Amino acid sequence: MKADTLSEVRRAAAERAGLDHGDRAIEGPLQGYHHETYVIPLPPGCVPGGRPRRAKVREPRPGLFWYDRRCFRSEELLLLSLQGRVRRIPEIIEAGPDVRLQAFIEGRTLGRGVLPSGPLSARHSAQLGELFGDLAAVRTDEIDAGRICRPEERPGDGDCAGFLTGLIRFTQERVYREHGAPYRGLFERLGVDDAALETLRCRARGMGSRPFVLVHGDLHRKNFVVDLRGDLWTIDWELAMIGDPLYDLATHLHLMGYAERERERVCGVWESAVEAARPGAAAGWRQDLPVLLAYKQAQSVYTDVIRGALALEHPAGGLNRRLLPGVAWRVQQALAVARPVLGARAAPTLRQVVGAYLRWFGSRPAVTPSAV
């Protein structure tokens, strides 16, 4: 990111907090892929009752490509629409005309200080169930947040086959063919070609029907915050959309890395919660969950291959060899998991993935990370 861009966002954060640009009370930028984010103290009396005391100010990183389809125009407008309907989500603070800030949840992310694949506590499992139930209970026609997805990207209520087919189309056409065009040679070296998603597209046609609900779309450990009382809050709603309730369960399982016993327990929590809130929302889930998990596995390959190439771009030009082992390991793991989905007979070895990146970097035109 350019230094002047970073200072612009920090300056905006300071102005909203009434602070000097270099004030140490401003925390950030926080780690995150899509946005540059700062935490600012709120002026006294800004919020009745004295809570919250801090808020987030953030801006999208310039020129960034989104690997997931977006549905709503504004995360803040969505959260504003969900106040009182979904428990433990960031409060929206009206800081001025058309200026809305998200309250900062004081605490720690769920993944900090525990094993990455560790089980949830009984308390947090129950609160995760409350989240699933609250989302299923929201009337989607009452969400006033401005949908930006095209009409052809909005299948009819209950058309879970059309919902998944649309996600596959986005990954194939926007991520792989359009955004991934500069990396076509790298994908080929890794055994991923243009027809890799066709089998998955056929499987999607057999999906059952469930009433559409609001889905968060990105339920992983860093998007859960445990507050100072030990309660579980859900943040980062930018990938929320209206669709198959089973998609949230599939995404959550894919990103959390649970052991098999914990996976079954979380599935039970989800099934009970969504069925109680919206009868029929869990219909046929055992048959359809493997199809959605297969999509998430395939999607990770496209995302990890491109992000890996961007991460390896050295600021001075060329390949950052120091980061190559870590990037190659992540990509090799994604390819190994998705091998049956992508139709590959065998996943490349770690050595082969390293070689693919080395050869691609040696033959491709330079790619500017800030431009993609």
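These legends go with several close-up views of a predicted model.

Residue numbers start from 1 along each chain as its sequence is written, and side-chain values use heavy atoms, with hydrogens and water left out. Since the model is predicted, local features need pLDDT of at least 70 and side-chain atom pairs count only at pLDDT 80 or more, while totals for chains, interfaces and linings use all residues.

**View 1. Confidence along the chain.** Mean pLDDT (the predictor's confidence in each residue, from 0 to 100) comes to 87 for the protein chain. Of its residues, 85% reach 70 or more. Residues 1-5 are another story, with pLDDT below 50. Beyond near neighbours in sequence, that stretch has 5 contacts in the model, a contact being heavy atoms within 4.5 Å.

**View 2. Aromatic rings side by side.** The structure holds 8 aromatic pairs. Rings of Phe, Tyr and Trp (its six-membered ring) pair if their centres lie within 6.5 Å; planes under 30 degrees apart are stacked, over 60 edge-to-face, and the rest tilted. Trp-360 and Phe-361 make an edge-to-face pair because their ring planes sit at 90°, with centres 5.2 Å apart. Elsewhere, Phe-163, Phe-212 and Tyr-247 form one aromatic cluster.

**View 3. An arginine over a tyrosine.** Look for the charged end of Arg-184 over the ring of Tyr-176, 4.5 Å from the ring centre. To count, NZ of Lys or CZ of Arg must be within 6 Å of the ring centre and within 35 degrees of the ring normal.

**View 4. Two cysteines.** Cys-202 is partly exposed at 47% relative accessible area, whereas Cys-267 is buried at 4%. The disulfide count for the structure is 0, taking a disulfide as a pair of cysteine sulfur atoms within 2.5 Å.

**View 5. Salt bridges across the sequence.** A search of the whole structure turns up 20 salt bridges, each a side-chain nitrogen of Lys or Arg within 4 Å of a carboxyl oxygen of Asp or Glu. Arg-87 and Glu-130 form one, with their closest N and O atoms 3.7 Å apart. Arg-87 is in the loop between helix 2 (75-82) and strand 4 (92-96), and Glu-130, 43 residues away, is in helix 3 (residues 122-137). Helices (H or I, at least four residues) and strands (E, at least two) are DSSP runs, numbered from the N terminus. Arg-87 is partly exposed at 43%, and so is Glu-130 at 27%.

**View 6. A buried salt bridge.** Arg-210 meets Asp-288 at 2.9 Å, N to O. This pair ties together parts that are 78 residues apart in sequence, because Arg-210 lies in the loop between helix 6 (198-204) and strand 7 (213-215) and Asp-288 in helix 9 (residues 285-311). Arg-210 is buried, with 0% relative accessible area, and Asp-288 is buried too, at 6%.

View 7. Arg-265 and Glu-262 make a salt bridge of 2.9 Å, N to O. Both lie in helix 8 (residues 260-277), 3 residues apart, about one turn of the helix. Arg-265 is partly exposed at 34%, while Glu-262 is buried at 8%. In a separate network, salt bridges with shared partners join Arg-85, Arg-139, Asp-141 and Glu-142.

How values were computed:
Buried < 20%, exposed > 50% of the residue type's maximum accessible area, 1.4 Å probe, protein only.
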